[in-house]
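Student: Could you take me through this model feature by feature, giving the general idea and then the case at hand?

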Amino acid sequence: MTGNAIAQTAVERGEYIVGGIAGCGNCHTPIGPDGFIMEQELAGRLVEKNEAFTAIAPNITPGSRIASWRDEDLVRAIREGLRPDGSLIGPPMPFTQYRGLSDTDVNAIVAFLRTVPAVESTVAVSEYRIPWQPIVGMRNRLVHAYFDIDADILWVAATQEVPALLPKLQALMSVD
Ligand code: HEC
């Protein structure tokens, strides 16, 4: 059948990617007793609390501070984990998995994010009890290709191995 390639707008494509493979709402949409609270889609929630960090996925609806970010800022945040002020977005935001998104797809995600209902709420700020910024600072040097080191390996080290080591290090360092 001809003509079945129904034109898909960027927003539709973005909705499809966000709700599907990218799964942004899995972390960013609040959960209530009956599951995801879709009236507050992408309004933020506590994602993970462990010894190494308390990770809170922020509100990323147009009611949040990202409303003032330019499209290219959001693209960089999604693909590189960097905010406009240059600070790093912490784990478990999986930007290493989004790094390969094409310009078309990442721009579609941004277009969709601009259309979700604005929720005017602020969730608390994440707390990282590991020296997260220096670790990622090192990662950035490596990623910017001074050495040919696989950033994904480093990412696993920073998000899983170092946190797992933390209690042991603390036990080693405690003097009683
Ligand atoms: C596995 C959980 C997870 C998934 C999936 C996820 N995020 Fe995040 N995201 C986070 C966490 C946690 C933070 C906050 C980290 C911090 O506090 O440094 C974050 C931060 C952000 C920020 C920075 C917001 C700000 O105000 O600083 C943006 C933008 C963002 N995510 C967009 C997205 C988009 C778009 C997707 C889907 C393409 C996505 N995230 C998928 C967990 C996730």
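Student: What percentage of the residues in the protein do buried residues make up?

Tutor: A word on conventions comes before the number: residues are numbered from 1 along each chain as its sequence is written. This is a predicted model, in which local features need pLDDT of at least 70 and side-chain atom pairs count only at pLDDT 80 or more, whereas totals for chains, interfaces and linings use all residues. A residue is buried if 20 or more other C-beta atoms lie within 10 Å of its own, exposed if 12 or fewer, and partly exposed in between, with C-beta atoms placed from the backbone. On that basis, buried residues account for 26% of the 176 residues in the protein.

Student: How many helices and strands does the secondary structure of the protein come to?

Tutor: Helices (H or I, at least four residues) and strands (E, at least two) are DSSP runs, numbered from the N terminus. The protein has seven helices and five strands, and from the N terminus on the order of its elements is α-α-β-β-β-β-α-α-α-β-α-α.

Student: Among contacts between residues at least 6 apart in sequence, what percentage join residues at least 24 apart?

Tutor: Two residues are in contact if their C-beta atoms, placed from the backbone, lie within 7 Å. Among contacts in the protein between residues at least 6 apart in sequence, the share joining residues at least 24 apart is 58%. Not counting residues up to four places away in sequence, Ala57 touches Cys27, His28, Gly44, Arg45 and Val47, and with 24 other C-beta atoms within 10 Å Ala57 is buried.

Student: Which residues are the closest to the ligand?

Tutor: The criterion is that a residue is near a molecule or strand if its C-beta atom, placed from the backbone, lies within 6 Å of it. Here 26 residues surround the ligand, and the closest are Cys24, Cys27, Gly90, Met93 and Ser126. Helix 2 (24-28), strand 4 (53-57) and helix 3 (71-80) each contribute at least two residues to this shell, with the largest share, four residues, coming from helix 2.

Student: Which residues of helix 3 are buried, and why are they on the same side?

Tutor: The buried residues of helix 3 are Leu74, Ala77 and Ile78. They lie on the same side of helix 3 because they cover an arc of only 90° around the axis, the arc being that of the directions from the helix axis to the C-beta atoms. These buried residues pack against helix 4 (95-98) and helix 5 (103-113). Just after helix 3, Gly81 takes a positive phi of about 75°.

Student: At what angle do helix 1 and helix 5 pack?

Tutor: Two packed helices are described by the angle between their axes and the distance between the axes. Axes are lines fitted to C-alpha atoms, for helices over the stretch in contact, and angles run from 0 to 180 degrees between N-to-C directions. Helix 1 (residues 10-19) packs with helix 5 at an angle of about 95°, their axes being 7 Å apart. That makes helix 1 roughly perpendicular to helix 5, given that angles under 35 degrees count as roughly parallel, over 145 as roughly antiparallel, 65 to 115 as roughly perpendicular and the rest as oblique. The residues of this contact divide into eight nonpolar, two polar and three charged. What covers the buried residues of helix 5 includes helix 1 and helix 3.

Student: Which peptide bond is cis, and which residue has a positive phi although it is not a glycine?

Tutor: Most residues other than glycine have a negative phi, and most peptide bonds are trans. The bond from Pro91 to Pro92 is cis, with omega near 5°, and Pro92 lies in the loop between helix 3 and helix 4. Leu42, although not a glycine, has a positive phi of about 65°. Leu42 is found in the loop between strand 2 (35-36) and strand 3 (45-49), and counts as buried with 27 C-beta neighbours inside 10 Å.

How values were computed:
Nonpolar A, V, L, I, M, F, W, Y, C, P; charged D, E, K, R; others polar.
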